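Good morning. Please have a look at it first.

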Amino acid sequence: MAISEIPTRDRIVSAAARLFYDEGIRRVSVDAVAEEAGVTKRTLYYHFASKDDLVAAYLAGRDQPSFSKFQHWYRESEGPLPERIKAVFAGLARSARHPKWKGCGFLRTSAELANMPGHPAMKIGAAHKRRLEDWLADLFEAEGVQQPRTLARQVVLLIDGAFAVVLLNRDPGYIETAGAAAATLVAAAMDGRSA
């Protein structure tokens with residue numbers, strides 16, 4: 001598809017997504033996004049009232065693709081539930097091995113906006129993480145696991161903790177280690193079903 005055929009708003013969000021993910025939202029100016037999108041600053045502000053709105057659109061655009069990856073890795077795996085959860089972490093580790101991988105865009109954005117809890121992007125990031133937690137809790141509940149919500153939170157903590165550690169030392173093996181820990185937690189919770 002030619003650039004001129006892509007709707008202007010979509011071009012702006014795509015440009016912002018590339019720049020924000022690569023460089024961080026605070027380091028990227030509205031001017032840089034406009035230039036990357038091939039539009040004027042005025043055109044950008046026609047579509048987005050502020051940079052905050054653009055940052056929110058960037059994260060909103062990441063939600064479904066990111067969530068779909070988790071679901072895909074789970075669906076494509078085989079074996080009992082603990083192994084399938086471990087497979088999700090294996091998928092994350094493969095992604096982390098890509099040279100352009102820079103961690104979780106939701107977590108990186110929340111770190112940059114930590115002093116702005118009411119920011120629209122913070123709300124989108126929190127909703128994304130809740131959606132992941134809800135999905136996991138539903139999987140665990142379907143298997144008859146007691147306290148599926150607690151187990152889902154534990155797995156989300158392992159995912160996000162692994163993201164943070166890998167960003168610090170660039171070793172995706174930490175994600176695989178977190179996956180083994182998640183599998184152990186899930187297996188223990190499943191053993192507790194008949195207790």
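Which residue lies over the face of Tyr 21? That is Arg 108, at 5.2 Å from the ring centre. Keep in mind that this is a predicted model. There is another case of this kind: the charged end of Arg 84 sits over the ring of Tyr 74, at 4.2 Å from the centre of that ring. I will come back to Tyr 74 at the end.

Now the core. In general, nonpolar side chains in soluble globular proteins tend to be buried together. In this model, the largest nonpolar core has 59 residues. Phe 20, Val 33, Ile 85, Leu 136, Phe 140 and Val 155 are the ones with the most contacts inside it. Which helices supply at least two residues each? They are H1 (8-23), H2 (30-37), H4 (51-76), H5 (81-96), H7 (120-142), H8 (148-169) and H9 (173-191). The largest share comes from H4, with nine residues.

Take Val 33 as an example. Leaving aside residues up to four places away in sequence, Val 33 touches Ile 12, Ala 15, Ala 16, Leu 19, Phe 20, Val 28, Leu 44 and Leu 54. So what about the rings?

A search of the whole structure finds five aromatic pairs. I will show two. In one of them, Phe 20 and Tyr 58 are edge-to-face, with 5.5 Å from centre to centre and 70° between the planes. Why does this pair tie together parts that are 38 residues apart in sequence? Because Phe 20 lies in helix H1 and Tyr 58 in helix H4.

Phe 67 counts as buried because its relative accessibility is 6%. Trp 135 has a relative accessible area of 14%, and the cut-off for buried is under 20%, so Trp 135 is buried as well.

That brings back Tyr 74. Together with Phe 67 and Trp 135, Tyr 74 forms one aromatic cluster. This is also the ring that has the charged end of Arg 84 sitting over it. That is where I will stop.

Key. Residues are numbered from 1 along each chain as its sequence is written. This is a predicted model: local features need pLDDT of at least 70, side-chain atom pairs count only at pLDDT 80 or more; totals for chains, interfaces and linings use all residues. Side-chain values use heavy atoms; hydrogens and water are left out. A nonpolar core is a set of buried Ala, Val, Leu, Ile, Met, Phe, Trp, Tyr and Cys residues joined through side-chain atoms within 4.5 Å. Buried means under 20% relative accessible area, exposed over 50%, partly exposed in between (1.4 Å probe, protein chains only). Helices (H or I, at least four residues) and strands (E, at least two) are DSSP runs, numbered from the N terminus. Contact means heavy atoms within 4.5 Å. Rings of Phe, Tyr and Trp (its six-membered ring) pair if their centres lie within 6.5 Å; planes under 30 degrees apart count as stacked, over 60 as edge-to-face and the rest as tilted. A charge sits over a ring if NZ of Lys or CZ of Arg is within 6 Å of the ring centre and within 35 degrees of the ring normal.
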